[in-house]
Structures are given as C-alpha cells and as structure tokens.
Amino acid sequence: MILNKKIRQALEQASFEKITTYILDMCEFAVKDYQRKQKKFPNNEPAISGILVKKYMQEQRNAYKMSGYIFDVEVQENYTGYGKYAGRADIRALLKSDFIAEDVYYIVECKRIDGSNILNERYVDEGVSRFVSGKYTSPYGKNIMLGYVVKDIDVSANTVQIENIQNLKPDPCMHGHFQSLGKRGVTNYYTCVYQNQTFNLEIWHMFSDLSNVV
C-alpha cells in the first residue's frame with residue numbers, strides 16, 4: 001500500500017522524534033549509571049559511541065518501547081563503487097517500518113567538545129560538513145550531530161562559537177542559525193536548517209555533558 005505524502009511525512013516525523021528523544025534519554029541514563037558505579041568513559045569518540053550504543057541503546061530498547069529500531073556503530077556509508085565507501089557513520093538509527101520500501105536511516109555523527117577552538121572546528125569541518133556536502137546521505141532531510149562534552153564548560157556559549165565557525169565558512173550551504181529546543185537530562189539540544197544545493201537539510205545538534213564521567 002502506498003501512503004499519501006502527508007501521512008508518510010507525519011510517520012517519519014514521529015519516528016525522528018522517538019529516535020532523538022531516545023538518544024537524549026540514553027545519554028542521561030549512561031551518565032547516571034556511570035556516576036552510580038563510579039566509572040569513567042574513555043576520552044575517545046569511537047569508544048564512547050560504542051559504549052552508548054552497545055551498553056545502553058541496544059539493551060534498553062524494549063524498556064523504552066524502541067524495539068522497532070536498530071542502533072549500531074561504525075557503519076560504512078554511501079557506497080561509491082569498486083568496494084569503497086564515502087565514509088563511516090558513527091551511529092546508525094535504522095527504522096524497521098512497514099511504510100518504508102527500502103532500508104533508509106538516520107546518521108548520528110559524534111564529536112568530542114571541550115570548549116577549544118580545535119574541537120569546535122573539527123565539529124564543523126569533520127561533522128556538519130559531511131552532511132551538508134552529501135558525503136553522508138540524508139534520505140529524510142534530517143540527521144543528528146551528537147557532541148560529547150568532555151570538560152566542564154558553558155555549553156550554551158560554546159554552541160554560539162560553533163555557530164559562528166560554521167557561518168564564517170565560504171560555502172553558504174554551511175550557514176544556518178541554531179535554534180534552541182531546550183535541555184533534556186544532561187543534553188542541550190538545538191536545530192539548524194541548512195540550504196543544501198538540492199534540498200533543505202535539518203540537523204539536530206545535541207551537546208551531552210559527560211564531563212564528570214570522562
């Protein structure tokens with residue numbers, strides 16, 4: 001059965017909201033669990049992502065009514081031919097939905113944040129730009145950046161710095177305004193719409209404070 005466009009878009013939006021809420025909740029869950037156990041995350045992006053997905057997102061799916069979704073890490077992304085791929089997605093959120101004809105998914109690109117200009121630049125140049133340039137696919141026109149805040153900083157002020165960095169890039173497709181969506185648990189989160197060359201791309205920017213467990 002082919003669903004009409006409005007119904008399909010409503011279902012896709014509901015799924016995106018479930019995924020983003022789940023990520024926010026799992027970041028808080030992980031921090032509280034590590035605090036309780038007096039454990040520390042390694043100060044390493046792939047390691048943090050691996051723990052977050054394997055230990056929390058995958059194990060808590062049933063408890064949070066997320067059994068209709070699959071979360072995995074380090075997934076090859078955007079096949080370019082001859083056995084090669086454009087990149088490797090840090091986290092993939094795959095929908096198991098009967099209204100989708102083929103496998104499409106959301107990508108969560110993860111970067112450490114410590115308030116330094118070096119990591120802020122990396123967040124933009126090796127994170128946001130991968131979506132805007134099309135290196136990572138965005139079949140729904142939405143994707144997610146997840147910043148692991150590894151030092152005790154003013155997250156809101158640092159977000160302004162990241163916005164300034166992207167808006168100073170010569171490519172106008174990198175420009176956009178961060179609109180705050182509030183705070184949930186340990187995470188401040190924002191949305192930003194980029195005028196891609198072929199379509200409008202919405203990225204949710206999530207900055208999770210892991211500073212006391214790293």
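Trainee: What makes the contact of E109 with K111 a salt bridge?

Mentor: The distance does. This is a predicted model, and in it the closest N and O atoms of E109 and K111 are 2.6 Å apart. The rule asks for a Lys or Arg side-chain nitrogen within 4 Å of an Asp or Glu carboxyl oxygen. The pair therefore qualifies.

Trainee: Why is E109 called buried?

Mentor: The cut-off is under 20% relative accessible area. E109 has 0% relative accessibility, so it counts as buried.

Trainee: And why is K111 called buried?

Mentor: By that cut-off of under 20%, K111 counts as buried because its relative accessibility is 4%.

Trainee: What makes β3 and β4 a pair?

Mentor: Pairing needs at least two bridges. Here 6 bridges join β3 to β4, residues 142–149, so the two strands pair. They run parallel. C110 stands opposite L146 in β4. From β3 the chain crosses through helix α3, residues 117–132, to β4. This β-α-β crossover is right-handed.

Trainee: How do you know that D25 and R184 meet in a salt bridge?

Mentor: Their N to O distance is 2.7 Å. The limit is within 4 Å, so the pair passes.

Trainee: What does the pair of D25 and R184 tie together?

Mentor: Parts that are 159 residues apart in sequence, because D25 lies in helix α1 (residues 5–37) and R184 in strand β5 (residues 179–184).

Trainee: Why is D25 called buried, and R184 partly exposed?

Mentor: Buried means under 20%, exposed over 50%, partly exposed in between. D25 has 14%, so it counts as buried. R184 has 35%, so it is partly exposed.

Trainee: What separates K32 and E28 along helix α1?

Mentor: About one helical turn, because they are 4 residues apart. Their side chains meet in a salt bridge at 3.2 Å, N to O. E28 has a relative accessible area of 22%, so it is partly exposed.

Key: Residues numbered from 1 in each chain as written. Predicted model: local features only at pLDDT ≥ 70, side-chain atom pairs only at ≥ 80, totals over all residues. Heavy atoms only, no water. Right-handed = clockwise from strand over helix to strand, strands pointing away. Buried < 20%, exposed > 50% of the residue type's maximum accessible area, 1.4 Å probe, protein only.
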